[in-house]
Amino acid sequence: MKTTLDFLEPLFIIPEKTKAGYSFADIPIKVTFNDSNVVFYGVPLDITTSFGKGTSRGPEAIRLTSARQIETFILDEKIDIYERAKIYDLGDLRIPLKNRKRRNEDHIIRSLEYLNKTIPVITDRLVRSNKLPVIMGGEQTVTYYSLRQLSKLKPIVIHFDAHRDMKPEYNGMKMCHTTPFYHLMKEGYIPGVNIIQIGIRQTDKHENKIAEENGVVTFDAWEIHRDIDNVSNYLRSATLNKNIYISFDIDVYDLPYVPCTGTPEPFGLNPFEILKIIKSLDKSSKLVGMDIVEVGLKNIDYREGTLATQTLFRILSHTCNTH
């Protein structure tokens, strides 16, 4: 009889054969798939990005910095990450045609159709095996496929981002990195009142109206700078005894912190603000899924990979109701 791992492994390039050459954090205590409760995998997608490129190297940046530069001891928590989370890294999802230089319409459609078939199945298999699925992106488009499957758990979605990603379409594309949350709402998977957007500071008038009409809760960057305690208090109450999903776009951080991401924006948040917000999620909540997206790697600049890793460590160390 095929096990879950037997089913999943052929879909992935194992971590040691990815460009990074390491699994996430290269944790000294090796964890088998069966013993794990948190499963990482990379989706190196960069096909609908509309400005700066490079998201396909996000998993590489995160794995390499987490394995070579960053120790697994979390100083502010006084614990090792593996004391809270037993992490297993499946590797990078094999995406047909993703390396083709000419990204024509047929290429985009075929790649997205493949993700549409595979990510929900992967998510379902992991959840049925009592594993927390964590996606390392890759562009924000991947959030749609992950959250669509997890919507049956009725999670409160905490979306960290500089942008709303609620456009009905962009550059003629219905599904792309700027549209996932619109389609999750429109198709009835996630009601707007269950989405909390953190750090927003760039949108258009129509997109902003869509968010308001659907009851999306928004804490823009200016409000967070003015009164972060109000944000923390709201999140603590809103996540009490709730399932939560965290979608974390690295560009929620202010422009100087993210030199490689494709659409950096000024007036963003700093790491201490992000940490305070993460720690305000109520301990009674249960993290049911997560993605960290839009991480880039350019000119041997590993600052984003480092920041992404430290963010992942803090989220997992705080939310681990995953045991």
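**Legends to the overall view and close-up views**

**View 1. Overall fold of the predicted model.** Of the 323 residues of the protein, 60% are classed as buried, where buried means under 20% relative accessible area, exposed over 50% and partly exposed in between, with a 1.4 Å probe and protein chains only. This is a predicted model, in which local features need pLDDT of at least 70 and side-chain atom pairs count only at pLDDT 80 or more, while totals for chains, interfaces and linings use all residues. Residues are numbered from 1 along each chain as its sequence is written, and side-chain values use heavy atoms, with hydrogens and water left out. The protein has 11 helices and 11 strands, taken as DSSP runs (helices H or I of at least four residues, strands E of at least two) and numbered from the N terminus. For 323 residues a compact globule would have a radius of gyration near 20 Å, and the 18 Å of the protein agrees with this; the radius is taken over C-alpha atoms, and the globule rule is 2.2 Å times the number of residues to the power 0.38. The C-alpha trace spans about 50 × 50 × 40 Å along its principal axes. Among contacts (heavy atoms within 4.5 Å) between residues at least 6 apart in sequence, 79% join residues at least 24 apart.

View 2. When residues up to four places away in sequence are not counted, Arg 314 touches Ile 74, Leu 75, Asp 76, Leu 275 and Ile 278. Ile 81 lies 233 residues away from Arg 314 along the chain, yet the C-alpha atoms of these two residues are separated by 8.8 Å.

View 3. With neighbours within four places in sequence left aside, Thr 4 is in contact with Phe 33, Arg 125 and Ser 129.

**View 4. Two buried cysteines, Cys 176 and Cys 260****.** Cys 176 is buried because its relative accessibility is 0%, and Cys 260 likewise counts as buried, at 2% relative accessibility. If a disulfide is defined as a pair of cysteine sulfur atoms within 2.5 Å, the count for this model comes to zero.
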